[in-house]
Amino acid sequence: MPVETVITRPEDHRIAWLAALAIAIHVLEAAIPSPVPGLKPGLANLVTLLALLVFGWGAAVWVSLLRVLVGSLLLGTFLTPTFMLSLAGALASLLALGLGRGLARRWLGPLGLSLLASLGHISGQFALAYALFIPHPGLWHLYPPLLTAALIFGILNGIIASLALQGMDRAHAPQQETASRT
């Protein structure tokens, strides 16, 4: 039987590393007890945001979807309602990031994009929960407090993303100066 060799590109390795980081954060966040089901800081989504800002839309989509898929396999929630809610949140978040990046690139930095993604994430989860699992108007009473939490976590993640990008710029600045001198 012939052995096939898979040829990978540096971009594939980068996406794998970022997805692994997002998955690790996703699993750690699942282990943290929460006073309200589904209330999490969404730090794994921070990796998706940084992937978008540094490497582009394709990297962000791969990182986000791999995080949801592999994270659910590791946590034993694959194809459960938890997985479907996570996937709906990720897709809505990616849609919000894509629209924000495409329509308002000039006005939205990491903080604005993080806010959009966070609000998209919770809205996508609520829409799916209402459509498939709890089609009762009472569900929407939970929406304002969880939307407020998403707003707060979106701001925090946006600040962290801004600081991370500034750190990356400082780390690359000496290399660029050295390269320009040679």
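What share of residues 15-32 is helix, what share is strand, and how far apart are the end C-alpha atoms?

## Annotated spans

In this predicted model, residues 15-32 are 94% helix and 0% strand, with 26 Å between the end C-alpha atoms. An unreviewed UniProt entry lists residues 15-32 under "transmembrane region", along with 44-66, 78-99, 111-134 and 146-165.

Helix H2 covers residues 43-55. Its 13 residues, taken at 1.5 Å a residue, should span 18 Å, and because the end C-alpha atoms are 18 Å apart, the model agrees with that expectation.

Buried positions in H2 are Ala 44, Leu 46, Val 47, Thr 48, Leu 49, Leu 50, Ala 51 and Leu 52. After H2 comes Gly 56, which has a positive phi near 105 degrees.

## Arg 67

Arg 67 belongs to helix H3, residues 57-75. Which side chain of opposite charge is nearest to Arg 67, and how far away is it? That side chain is Glu 29, at 6.5 Å. A salt bridge requires a side-chain nitrogen of Lys or Arg within 4 Å of a carboxyl oxygen of Asp or Glu; Arg 67 has none, yet is buried.

The Arg 67 side chain does make a polar contact, at 3.1 Å, with the side chain of Asn 45. With neighbours within four places in sequence set aside, the residues in contact with Arg 67 are Ala 22, Ile 23, His 26, Ala 44, Asn 45, Ser 72, Ser 86 and Ala 90. One of these, Ala 44, is also among the buried residues of H2.

Notes. Residues are numbered from 1 along each chain as its sequence is written. This is a predicted model: local features need pLDDT of at least 70, side-chain atom pairs count only at pLDDT 80 or more; totals for chains, interfaces and linings use all residues. Side-chain values use heavy atoms; hydrogens and water are left out. UniProt positions are given in the numbering used here, feature names are shortened, and annotations may be inferred rather than shown by experiment. Helices (H or I, at least four residues) and strands (E, at least two) are DSSP runs, numbered from the N terminus. Buried means under 20% relative accessible area, exposed over 50%, partly exposed in between (1.4 Å probe, protein chains only). Lys and Arg count as positive and Asp and Glu as negative; His and the chain ends are not counted. A polar contact is a pair of N or O atoms within 3.5 Å; within protein, one must be able to donate a hydrogen and the other to accept it, and residues adjacent in sequence count only if both atoms are side-chain atoms. Contact means heavy atoms within 4.5 Å. The expected span of a helix is 1.5 Å times one less than its number of residues.
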